[in-house]
Amino acid sequence: MVERELGHATIVYEDPDDGTVERTVENEHVAYFQDHWLVKTDDHDADHDVVRRIPANRVYYVERSVEEFEAEMKTIRDQVQSVADDLRSKLFGDQTHGDETEVYRIDVESGEPVDDDRDDAE
């Protein structure tokens, strides 16, 4: 199998000891999670990697090479949609029936469900 080149990322950040640091790593060795940039800095041994967590407020910029910007954005959009779908499912349960989504209406004053079949003239 041919391994696909995923490109490189350059992260520029402020280090308390070294001042402004610019580090270039493979794209798969940099990620953003919980307001921190995670950068693989070394291979400790076969089972462990050394990862530096850099607070987002210390990062000046991250520049990544990507094959095609639209494909990168679609990937991000798909990931966000997946998280939103999972969250919706956890909060409201599975509400889909085929291609239709079941809609629940709640009266904002009483907090009670609204019967859509009732006569609105009441």
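Author: Buried means under 20% relative accessible area, exposed over 50%, and partly exposed in between, using a 1.4 Å probe and protein chains only. T10 counts as buried because its relative accessibility is 15%. This is a predicted model, in which local features need pLDDT of at least 70 and side-chain atom pairs count only at pLDDT 80 or more, while totals for chains, interfaces and linings use all residues. Residues are numbered from 1 along each chain as its sequence is written, and side-chain values use heavy atoms, with hydrogens and water left out.

T10 is part of strand β1, residues 8-15; strands (E, at least two residues) are DSSP runs numbered from the N terminus. Beyond its neighbours within four places in sequence, T10 is in contact with E22, R23, T24, Y61, V62 and E63, where contact means heavy atoms within 4.5 Å. With T24, the T10 side chain also makes a side-chain polar contact of 3.0 Å. A polar contact is a pair of N or O atoms within 3.5 Å; within protein, one must be able to donate a hydrogen and the other to accept it, and residues adjacent in sequence count only if both atoms are side-chain atoms.

Now the charged pairs. The whole structure has two salt bridges, each a side-chain nitrogen of Lys or Arg within 4 Å of a carboxyl oxygen of Asp or Glu. One joins R52 to D15, with the closest N and O atoms 3.5 Å apart. R52 lies in strand β5 (residues 48-55) and D15 in strand β1, so this pair ties together parts that are 37 residues apart in sequence. D15 is buried at 10% relative accessibility, whereas R52 is partly exposed at 33%. D49 forms a salt bridge with K40, the closest N and O atoms being 3.7 Å apart; D49 is partly exposed, at 45%.

Conventions: Helices (H or I, at least four residues) and strands (E, at least two) are DSSP runs, numbered from the N terminus.
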